[in-house]
Amino acid sequence: MQRRDALQRMSIIIGGTLLGADSLWAKNIDWDHIADLDDSGDIGLFTKAQVKMLNEVAETIIPTTDTPGGKAAKTAQFIAVLVSDCYEPADQKLFMDGLVQFEDTCKKNHGKTFVKCSKSVRHDFLVELDQEQKAYTKSKKSSDPAHYFRKIKDLVLLGYFTSEIGATKALRFLEVPGKYETIDYKKGDRAWGV
Amino acid sequence: MAEKYDAIVVGSGISGGWAAKELTEKGLKTLLLERGKDVKHVTDYDTATKNTWEFPHRGRITNEMKATHPVQKRDYPYSEFKPDWWVNDLDCPYTEVKRFDWYRGFHVGGKSLMWGRQSYRWSEFDFEANAKDGIAIDWPIRYKDVAPWYDYVEQFAGISGSMEGLAQLPDGKFLPPMDLNIVEKDVAARIKKQYGGKRAMIIGRSANLTQPHNGRGSCQYRDRCSRGCPYGAYFSTQSSTLPAAVATGNLTLRPFSIVTQILYDKDKKRAKGVLVIDAETNQTIEYEAKVIFVCGSTLGSTFLLLNSADQSGGIGNSSGQLGRNLMDHHFRCGANGEVEGYDDKYYIGRRANGVYIPRYRNLFGDKRDYLRGFGYQGGASRQGWSRDVAELNIGVELKEALTEPGKWTIGITGFGEMLPYQENRVTIDKTKKDKWGQYVLSIDCELKDNEMRMRKDMIADAVEMLEGAGIKNVRPFDNGSFPGMAIHEMGTARMGTNPKESVLNAWNQMHDAPNVFVTDGSCMTSAACQNPSLTYMALTARAANYAVEALKKGNL
């Protein structure tokens, strides 16, 4: 049962065979002070511009509402560490190529880079991309790679909802529940973070 | 001069911990040898109270971890949450003639720290199965021989569960059961009705405490068990058997002690002790004892016995059965689906347990085109943020939707019995050595026709039961199963009455050397379909009692 739950929880499958171990980017970070890690430097395979851009993407997908959004949760920093340390080299290349394609498409469709676009253009652009990835995902063969925006969006959701902000502020979190039982639920009650 | 003890126990996992407890409590000065490092209860559970966001990769393994753990990485237990409890595969390689996933933990407590805690008794059907089917050899014991020992170990270990009165899954001495959630309760009622009571869905029986027990705290429903429990709320060597053994004053625990050989005295036809390599210094040390309990995990113990037989001219393997009849459970197939309604219900807590559907196939007059049967494990829950919300793209609406729970879903996974086959075996591969200069194990094992036919039922029955219970969009799944994956490996030093066909007798005593007892999974003559650890506990306590009585009578 734990087995199955763990698999269900794993929204992103990182598989394949190992080609060579890279240095661990996470080791260069003082994780006791993760809250201080800003997006003003390169992280692993990611340039500081890419980290900045990804945080804006995260903020557009998960905006600040009455709870903090993707940027406050340092979603891009997490994505950069995860991809740099955990992805197989081939998958790293696919993801990094996807980021380039993302910027190229944004420039082509909207005349400027994502960060330079207004909030509403950013929103519209990501809606376009999401519809495109949904159509592609539906029709693609299982051997075809995932759409680059599908991967970006999945990582944003993973990074946000497993962050302290996501798990405890957007979701509800009980460190020590102390019991398991069925409870009443009404629309609007938050889901549990894990 | 070798140090002398009354008893030596090889391995400190579920079986070794029990052996150490029983032998020391009966007054034997006991040396407990563990090949890995020490792990102190609570203080060494360094990640037990960390939250997900405190892990740089939120639990996922890095390329650096994969490089040193090419086997352990094949499945989810090896994660960033507690990686040092899984072996570095490069230090201790093995040969896979066919794919066999061998998950190991070298440390005090062994896999008792990381186990799934599901605890089920075997029934009379399981102990008489080989004889009735004419498969392999008969078990030398029956349910009545083990029943009092199940009582005994359950009462000490603390097993939570419900009384069900099922002949194929005997009730035990349980702590109060955990709760089924409302969907599980309703589905259970529908299954009962649909099959006229012939199939049941019950709460899992788990070695998690539902109330304080023997000075240990009760489960807090955090679902962080596999990192070690700071409340001591699940059974492990550290939480349960080791403190009891230490309290007697009769225990010497020696970590970093790799037992490479059981030393045999040809004149007395008895084992006289063991040869140990210190894992840190590589020094060789000899220890002597009147009785030796081998509890080093199924394949760990089998390697030791094969290696010893080599050195002693075949002692311990006069039957030729040592290393043969390797079994595991096959699983990873079943079905899941969506539950309509219950939108006004949710749950609180993270229950590290689920539902169990006991075996019903080839029992009570049912007859299939394969032998034996399977059970299911599973559970119902509401979807979380990782679900797909097809109608939403990005932004505020998506965020709001994902912060609420989604639909209820339910899934069940079959756990099937694997038959003992002579040719599913392990041998010593003398072309390779491990970090400590020891030869390695070669594993040649596969699922066969009986298992593959059973899997069809495991999938079809799951679909039928869920659909019958009103579940929507029921999807079958088969993720494939290779031996080893269930981490229920067993059978390579089987029990039996005839020394020509078996390695151990009815008391887990080696036919060739009466002062050697093997009580881990290697002793199993068949595999049943229930999680096996509780049976290892019962057989170990039973064998220890017998050994001490025999020692007192001067029979060892």
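In what order do the 3 strands of the open sheet in chain B run? The order is β3-β15-β14, and the pairing is mixed.

## Basis

This is a predicted model; local features need pLDDT of at least 70, side-chain atom pairs count only at pLDDT 80 or more, and totals for chains, interfaces and linings use all residues. Residues are numbered from 1 along each chain as its sequence is written, and chains are lettered from A in the order in which they are written.

## The sheet in chain B

The edge strands are β3 (95-96) and β14 (425-433) of chain B, and each pairs on one side only. Strands are DSSP runs of E, at least two residues; helices are runs of H or I, at least four. Two strands pair if DSSP finds at least two bridges between them. Antiparallel strands β14(B) and β15(B) (residues 439-444) are joined by 6 bridges. Helix α7(B) (residues 298-311) packs on the sheet and touches β14 and β15 of chain B. Contact means heavy atoms within 4.5 Å.

## The interface

Chain B gives 71 residues to the contact and chain A gives 81 residues. Together they bury about 6700 Å², with 57% of it on carbon and sulfur atoms. That area is the accessible area (1.4 Å probe) lost on being put together, summed over both parts.

The rule finds 3 salt bridges across the interface. A salt bridge needs a Lys or Arg side-chain nitrogen within 4 Å of a carboxyl oxygen of Asp or Glu. A:E88 forms a salt bridge with B:K66, their closest N and O atoms being 2.9 Å apart.

Key:
Side-chain values use heavy atoms; hydrogens and water are left out. Axes are lines fitted to C-alpha atoms, for helices over the stretch in contact, and angles run from 0 to 180 degrees between N-to-C directions. Buried area is the accessible area (1.4 Å probe) that two parts lose on being put together, summed over both.
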